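Here's a quick briefing to read with the structure open. We'll start with aromatic rings, then move on to helices and the surface.

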Amino acid sequence: LLGPLLLPSTGISLRTVEALMEQSLAKKRLLILDACRERPTRGTRSIEAGATAEVFRKAFESADGRAVLASCDSGQVSFEDPSLGHGVFTYHLLEGIRGAAATEGNFLTLGTVSDYVSESVEKWVRKNKQGLRREQWQRPWFKGPNDARQIPLAMVRRPLTSLNTIP
């Protein structure tokens, strides 16, 4: 109940976070946001050694940029689903990182993960929030130069089909 009252004194704007990231000397910077951009409501909220490592290192070095991957846009709600054990965005982000977003070469790039998360969240909304108008849908978004989409995040030894298959 106090959450909304505390927001002005405890929250930090996205612009402030982006300005702080801009001051970083790192060549690759990634900000992942899983937060409502609207008032909160209930129900919302390894590389192998050898040649493979060298391919990953080269891909990482050739990509450049700063990027933001956010769970939803301004005015939208970041949905929760207790059956997933996470918010909808986080659940699909983790599935993507664990291999569902891997390319044919088993690379996970920021772009493939971003695309996977956006498509998966949209499918979840279509199935579970049928009464919502399209403009109310949760829509994850990516912001950054196109080069940043090529930043490799990992290589997957064996793509997993679901978080439920993790031992």
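Searching the whole structure turns up one aromatic pair. Phe79 and Trp124 make up that pair, in a tilted arrangement with 5.8 Å centre to centre and 35° between the planes. Keep in mind that this is a predicted model.

**The aromatic pair**
- The two partners come from distant parts of the chain, 45 residues apart: Phe79 is in the loop between strand 2 (65–70) and strand 3 (80–81), and Trp124 is in helix 5.
- Phe79 counts as buried because its relative accessible area is 7%, under the 20% cut-off.
- Trp124 is buried too, with a relative accessible area of 10%.

**Helix 5 and helix 4**
- Helix 5 covers residues 110–128, and its 19 residues reach 27 Å from first C-alpha to last, close to the 27 Å expected at 1.5 Å a residue.
- Helix 4 (residues 88–100) is another story: it has 13 residues, but its end C-alpha atoms are only 15 Å apart, short of the 18 Å a straight helix would reach.
- Buried residues in helix 4 include Val88, Phe89, Tyr91, His92 and Leu93.

**A charge over a ring**
- Arg149 has its charged end over the ring of Phe142, 5.4 Å from the ring centre.

- Leu153 belongs to strand 7 (residues 152–155).
- With a relative accessible area of 34%, Leu153 is partly exposed, so it clears the 30% cut-off for joining a patch.

Definitions and conventions. Residues numbered from 1 in each chain as written. Predicted model: local features only at pLDDT ≥ 70, side-chain atom pairs only at ≥ 80, totals over all residues. Heavy atoms only, no water. Helix = DSSP H or I, 4+ residues; strand = E, 2+ residues; numbered from the N terminus. Buried < 20%, exposed > 50% of the residue type's maximum accessible area, 1.4 Å probe, protein only. Expected span 1.5 Å × (residues − 1). Phe/Tyr/Trp six-rings, centres within 6.5 Å; stacked < 30°, edge-to-face > 60°. Lys NZ or Arg CZ within 6 Å of the ring centre and 35° of its normal.
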